[in-house]
Amino acid sequence: QYADFTGRARRKEYWMFVGNPGAGKSTIINSLLKQKLAQAGSSIGEGLTKKFALYPHENITYVDTPGLDDIRNRAEAAKEIEKALKQNGKYRIFFILKPDSLKVKKADLDTIEKVLDAITCPNIEFNILVNQLTKRDKKTLNSGSEKSNFYSYLQAGKYKKSKITFIDLDTAVQDGDSEFLNMDDFLNFADMDSASMHIPQNCIGTVDGESQEEKLEKARKEL
């Protein structure tokens with residue numbers, strides 16, 4: 001049986017999780033469903049998820065996607081993310097970031113921009129989920145202007161209409177003593193404060209699967 005989210009009655013929605021290899025997308029979906037359905041983990045430079053996958057539960061369908069910044073499967077990952085966006089319905093898109101000491105990787109910000117560039121609908125709204133926040137980083141964010149500086153950096157790109165939330169570091173899961181994260185705070189955020197938008201199938205263009213290095217190499221050859 002899937003996890004019982006009593007009282008969360010809603011119209012059919014797609015909760016789509018996007019992030020680069022190792023960000024924790026599949027672990028989050030498994031924790032929401034209280035089942036090990038999505039293949040979690042990553043190897044060097046690439047993720048284990050190669051195809052987009054749908055995990056329906058009541059009126060919510062959880063959407064797992066491959067990491068776009070995958071050194072071996074970038075083009076294929078881009079195509080799979082396109083397919084995931086073409087389910088024709090109401091979406092809550094969650095970009096999963098796993099910063100190191102609150103240092104956000106450029107590749108994560110590039111992924112947000114590349115995926116949202118493929119959506120041609122107006123008024124794009126999305127969510128950023130900062131995964132596995134340590135106690136030290138949480139304390140830093142709660143002091144002075146660090147939180148506003150961090151939020152400004154997350155929203156430094158062309159897309160501004162994002163809602164931001166966090167999942168604390170779970171050492172039991174990290175050490176292999178527990179299979180699932182505590183998702184209560186995330187579910188409260190998703191229910192009460194997360195951004196959503198209707199995405200018709202004809203609003204989806206092409207997700208750019210080329211890395212910056214590939215683009216530079218192509219430009220060099222064209223000279």
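The model described here is predicted. Helix α7 spans residues 184–192, and Phe186, Leu187, Phe189 and Ala190 are its buried residues. These four lie on the same side of α7 because they cover an arc of only 160 degrees around the axis. The buried residues of α7 pack against several elements: β1, α1 (25–33), β6, β7 and β8.

The chain as a whole contains 8 helices and 9 strands. Of its 223 residues, 47% count as buried. Among contacts with a separation of 6 or more, 76% are between residues 24 or more positions apart.

In soluble globular proteins, nonpolar side chains tend to be buried together. The largest nonpolar core in this model has 38 residues, and Leu85, Phe95, Ile119 and Ile199 touch the most other members. At least two residues of this core come from each of β1, α2 (74–85), β6 (89–97), α3 (106–117), β7 (126–133), α5 (146–154), β8 (162–168) and β9 (197–199). A second, separate core holds 23 residues, including Tyr55, Tyr62, Phe94 and Phe186. Phe186 is also one of the buried residues of α7.

The surroundings of Ile119 were examined in turn. Beyond its neighbours within four places in sequence, Ile119 is in contact with Leu85, Ile93, Ile124, Met197, Ile199, Cys203 and Ile204. Two of these partners, Leu85 and Ile199, are named with Ile119 among the residues that touch the most other members of the largest core.

Charged residues also take part in links within the chain. The structure holds 9 salt bridges. One of them joins the side chains of Glu13 and Lys90, at 3.3 Å from N to O. This pair links distant parts of the chain, with Glu13 in strand β1 and Lys90 in strand β6, 77 residues apart. Glu13 counts as buried because its relative accessibility is 2%, under the 20% cut-off. Lys90, at 32% relative accessibility, counts as partly exposed. Glu13, Lys90 and Arg92 are linked in a network of salt bridges.

Strand β1, in which Glu13 lies, covers residues 13–18. The side chains of Glu13 and Trp15 are joined by a polar contact of 2.8 Å. Leaving aside neighbours within four places in sequence, Glu13 is in contact with Asn59, Ile60, Thr61, Lys90 and Arg92. Tyr62 is 49 residues from Glu13 in sequence, and the C-alpha atoms of the two are 8.6 Å apart in space.

A second salt bridge is formed by Lys51 and Glu80, with the closest N and O atoms 3.9 Å apart. Lys51 lies in the loop between β3 (46–47) and β4 (53–57) and Glu80 in helix α2, so the pair ties together parts that are 29 residues apart in sequence. Lys51 is exposed, at 56% relative accessibility. Glu80, in contrast, is buried, with a relative accessible area of 5%.

The salt bridge between Asp110 and Lys106 has its closest N and O atoms 2.9 Å apart. Both residues lie in helix α3, 4 residues apart, which is about one turn of the helix. Asp110 is partly exposed, with a relative accessible area of 31%. Lys106 is exposed, with a relative accessible area of 56%.

Key:
Residues are numbered from 1 along each chain as its sequence is written. This is a predicted model: local features need pLDDT of at least 70, side-chain atom pairs count only at pLDDT 80 or more; totals for chains, interfaces and linings use all residues. Side-chain values use heavy atoms; hydrogens and water are left out. Contact means heavy atoms within 4.5 Å. A polar contact is a pair of N or O atoms within 3.5 Å; within protein, one must be able to donate a hydrogen and the other to accept it, and residues adjacent in sequence count only if both atoms are side-chain atoms. A nonpolar core is a set of buried Ala, Val, Leu, Ile, Met, Phe, Trp, Tyr and Cys residues joined through side-chain atoms within 4.5 Å. Buried means under 20% relative accessible area, exposed over 50%, partly exposed in between (1.4 Å probe, protein chains only). The arc is that of the directions from the helix axis to the C-beta atoms. A salt bridge is a side-chain nitrogen of Lys or Arg within 4 Å of a carboxyl oxygen of Asp or Glu.
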